[in-house]
Amino acid sequence: MSGRDQIPLLDVRNLTKYFAVRGGLLRRVVAQVRAVDGVSLSIGKGRTYGLVGESGCGKSTLGRAILRLHEPTSGEVLLDGHDILKLRRSELIDRRRRMQVIFQDPFASLSPRRTVAQIIREPLDVHRIGTAAEREERVIALLDDVGMGAEIRDRYPHEFSGGQRQRIGIARALALEPDFIVADEPVSALDVSVQSQVLNLIAGLKKTRGIAFLFISHDLAVIQHVSDEIGVMYLGRLVEHALVDDLYAAPKHPYTKALMSAIPIPDPKTKRSRIILKGDVPSPMNPPSGCPFHTRCPDVMEICRSVVPATINVGRKDLPHHVSCHLYS
Amino acid sequence: MQADTQPLLSVRDLVIEFTTENGVVRAADGISFDVHENETLGIVGESGCGKTVTGLSILGLIPSPPGRVAGGSIRFMGRELVGLPDSEMRNIRGRDISMIFQEPMTALNPVFTVGNQMTDVLRRHRGLTRRQARDAAIEMLAKVGIPVPAKRIDEYPHQLSGGMRQRVMIAMALSCDPKLLIADEPTTALDVTTQAQVLEQIAGLQSEFKMAVVLITHDLGIVAETCRRAIVMYCGRIVENAAIERLFEAPRHPYAKGLLESIPRLRRERLDELPIIPGRVPNLLHLPPGCRFAARCPRADALCREQSPALVPAGPHGDFIACHHPHPGQQAEPAA
Amino acid sequence: MSAVAIPAVRRESLWSKAAWKLARDRTGMIALAFVLLYMLVAVGVTAGWWAADWSEVRGGKWEAMSAAHWFGTNLIGQDIFARAVYSTKTAFEVGLVVAVLATVIGAALGAVAGFFNGSWIDEVLLWLMGVLDSIPFYLFVAAIVFAMQDNPYAMHIAMISTFWTSVGRLIRGEVIKLRGLEYVEAAHAISVPEFVIIIRHILPNTTHILLVQATIMFVSAIKSEVILSFLGLGVKDGMSWGLMIAESSQEVMAGFFNNFLAASVLMFGLVMAFNMFSDALQDALDPRKVG
């Protein structure tokens, strides 16, 4: 999207991930949960792609499927033009160096019985990078990069607050000097005043190291702050995608509009007309026919109930704005 | 906080202590505020600031041990609630004061149907028969926007979605027509679009039922949209208590100001860097001698590090602030 | 939000935190002192410091308590105190062997089942645990004892092969839970080999369960040993509290209680102390209370 003519760093094509639901005595597959249902996106070098959606929309599964932490059902994930889904496990190890992940829950993402230094050094150990002394030095440098002092290296995760743990998790992700990081709700478990510290840290890393991010969040304000472009997910599908300013200035999809209007704004003077959606998100085990959003859409038409809308570009050729909605076809 | 009307709820110098393995912590320390009839008061702050225990203490729900109300008074309609025997507290709880919690799944009993749990409350507090209680419950469910309430009433909590469960909780809390509703992070576990539905529901019901609401939340956006007045808490203390317009327009306490500036919000132009509050919240076991925010405060001086500021009135409109060097606030005081 | 703030920061691992907590538990420490005392007795017997003469006839029939025979003598004039002390060693040996081996087997097979949850390996192991669990314990022991033709370790084998299943199930469940945690995913993300993930990231976080289970099995093994010996299925060429109680069944009719009392009081003391220690250990190691 950002790349004018060169190939993007990461190109995801038609990725799907179905989870089988087993039941009965024989543990037969009784249903499929379509967690990710044919998603395509691409991320240029040093760019941040913000992925937004509500719980259960499949955004975390998509992030994990790209990294093959969950094995995708079908599709392609091209890293520099090479499909990493075709790699065998042993070949994957080398590629993993270039793709890392930051998790949501800073209390579950660090092994409780290992010290900070052991946690950050583990990727270097696994990939046999440098001598023992060099690894030690590297750990100190990484701690410094995330704004923590060397004196904490022998302490344990439970001694730290959520924000500090998240910094340790970021240091671990940086250890292998990746080109691409999936950040899965990295600040949503943190307190407001700590959130901004971690967001600034991530923004700084992007600037100084040119790391590309897939930044997953349910919070549109956070997403807007960190992203260059944004994708909106609903029930396993990408319903809208545009550059950040385009999306905020002129959201197209009714779901995006509702989502944006639903955010409480910390300014008592702004009174907006809010689009209140009816009902709840349908179960991904039994998604509606046609457009997945038609059960809650304020602008629903007859065609929406039966035909899945195609993704079309409503923007310019060089500044695409993709939307999957019958209102625009 | 008009002086001429008697407040519905009046909390004075409330102190709540918890005994932990490493010593006694004061989760709330010298909390004072009033709630008037029909008013929505927000209590905002970060985790551990004492906002939840303050809410729980009003209903006498502080888990004891390890916690206890160690001082101060809570007067509700002129009646002292601190030290009230549990049997009397139970009569107030659910009838005059109700509470809704963050996680509706854990607040509902999974082995009983929605109707079972709702009629229980109605029969106890309003003395209705089984039949009447069921009708009243269905009516309440309809009021909170649950479709087909006559069918939903016989379902179990796990059959409902998160938003639906929170509505059931609200219906239960309002079924006895309380004068005061305490809502502790009522929408934090919900998605934004569902949150919008639920908040709108609460606002609508408030004017219909003519009740006061104490809304406890970490989300400043929710406070701005639903409250008339808000209290900002930090580390067990109230740092500022102001009407919404003044708090958001010109916050006076440096913590309130820092918090407001640091939240990412939808803007026309994006900032390169978010303003931050440096450092982190001090440990309640090792509090500094002076102002608890001093170590993170850009305006702090020697006085702040030595002496804790008291919560004092600020301005003619019933605002309060606890700061040695507050920001000037609004220049032109309206109708001053 | 949590109602109480995070407690003070101390530079400690979870282990030293647990040890510190255990040390402050008075009941637990008293129980531990008793257990250590029993252990000293057992070690002394093994080293031959005392009770080496447990099988010698050194007095008359049913002598009362005296300075020479603290608990009196039995039917054929053997010293009851020496026999009771010697039985401590038997109990400890059975307890230790069974607890250690059953824990190791249970941990290994449970971890394998949990890690390969959903595959045929898991199914086979679950089936095996189900089968072993469904056989009545004493029938199973009797069968093994008869099958092994008076092998002195028949009892141990019977206990180990049934006791490991409870550890196995617990560890399997814990591994399934831990496998889904983000720090295990994080390890996958940096390509840590599967085997290393089990050893380095999963098993260390189950050790608190293993320790507590080992102490529980230790006690069960001692109790089972006494009952089996009483039934004549356990200790053959040694001494056991169970054998003493079996012996005493005729004596009690005749009004001589020394044998019965010595065996049951010593066994009760050990089982009680160990149970209390096990409870204290469980409290100290509970990850929800630590950290």
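**Note on the predicted model: chains A, B and C**

1. Overall size of chain A. A compact globule of 329 residues would have a radius of gyration near 20 Å; chain A has 21 Å, so the two agree. The radius of gyration is taken over C-alpha atoms, and the globule rule is 2.2 Å times the number of residues to the power 0.38. Along the principal axes, the C-alpha atoms of chain A fill a box of roughly 65 × 60 × 50 Å.

2. Basis. This is a predicted model, in which local features need pLDDT of at least 70 and side-chain atom pairs count only at pLDDT 80 or more, while totals for chains, interfaces and linings use all residues. Residues are numbered from 1 along each chain as its sequence is written, chains are lettered from A and ligands numbered from 1 in the order in which they are written, and side-chain values use heavy atoms, with hydrogens and water left out.

3. Make-up of chain A. Chain A has 9 helices and 12 strands. Helices (H or I, at least four residues) and strands (E, at least two) are DSSP runs, numbered from the N terminus. Of its 329 residues, 57% count as buried. Buried means under 20% relative accessible area, exposed over 50%, and partly exposed in between (1.4 Å probe, protein chains only). Take the contacts in chain A between residues at least 6 apart in sequence: 63% join residues at least 24 apart. Contact means heavy atoms within 4.5 Å.

4. Helices α3 and α5 of chain A. The axes of α3(A), residues 116–126, and α5(A), residues 162–174, come within 7 Å and cross at roughly 25°. Axes are lines fitted to C-alpha atoms, for helices over the stretch in contact, and angles run from 0 to 180 degrees between N-to-C directions. The two helices are therefore roughly parallel to each other. Angles under 35 degrees count as roughly parallel, over 145 as roughly antiparallel, 65 to 115 as roughly perpendicular and the rest as oblique. On the α3(A) side the contact uses A:Val116, A:Ile119, A:Ile120 and A:Pro123; on the α5(A) side, A:Ile168, A:Ala171 and A:Arg172. By class that gives 6 nonpolar, no polar and 1 charged. Ala, Val, Leu, Ile, Met, Phe, Trp, Tyr, Cys and Pro count as nonpolar, Asp, Glu, Lys and Arg as charged, and the others, Gly among them, as polar.

5. Helices α5 and α9 of chain C. Here α5(C), residues 137–147, and α9(C), residues 207–231, have axes that come within 12 Å and cross at roughly 60°. That makes α5(C) oblique to α9(C). C:Phe137, C:Tyr138 and C:Val141 of α5(C) meet C:Ser224, C:Ile227, C:Leu228 and C:Leu231 of α9(C). This contact has 6 nonpolar, 1 polar and no charged residues.

6. Positive phi in chain B. B:Lys210 is not a glycine, yet its phi is positive, about 50°. B:Lys210 sits in the loop between α8 (192–209) and β8 (212–217). B:Lys210 is exposed, at 59% relative accessible area. B:Cys235 also has a positive phi, near 55°. B:Cys235 lies in the loop between β9 (229–234) and β10 (237–243), and is buried, at 2%.

7. A:Lys45. This residue is in the loop between β2 (28–43) and β3 (48–52) of chain A. A:Lys45 is exposed, with a relative accessible area of 56%. Beyond neighbours within four places in sequence, A:Lys45 contacts A:Leu9, A:Asp80 and A:Ala212.

8. C:His156. Helix α6 (residues 154–179) of chain C holds C:His156. C:His156 is buried, with a relative accessible area of 4%. Not counting residues up to four places away in sequence, C:His156 touches C:Glu93, C:Val94, C:Val97 and C:Val98.
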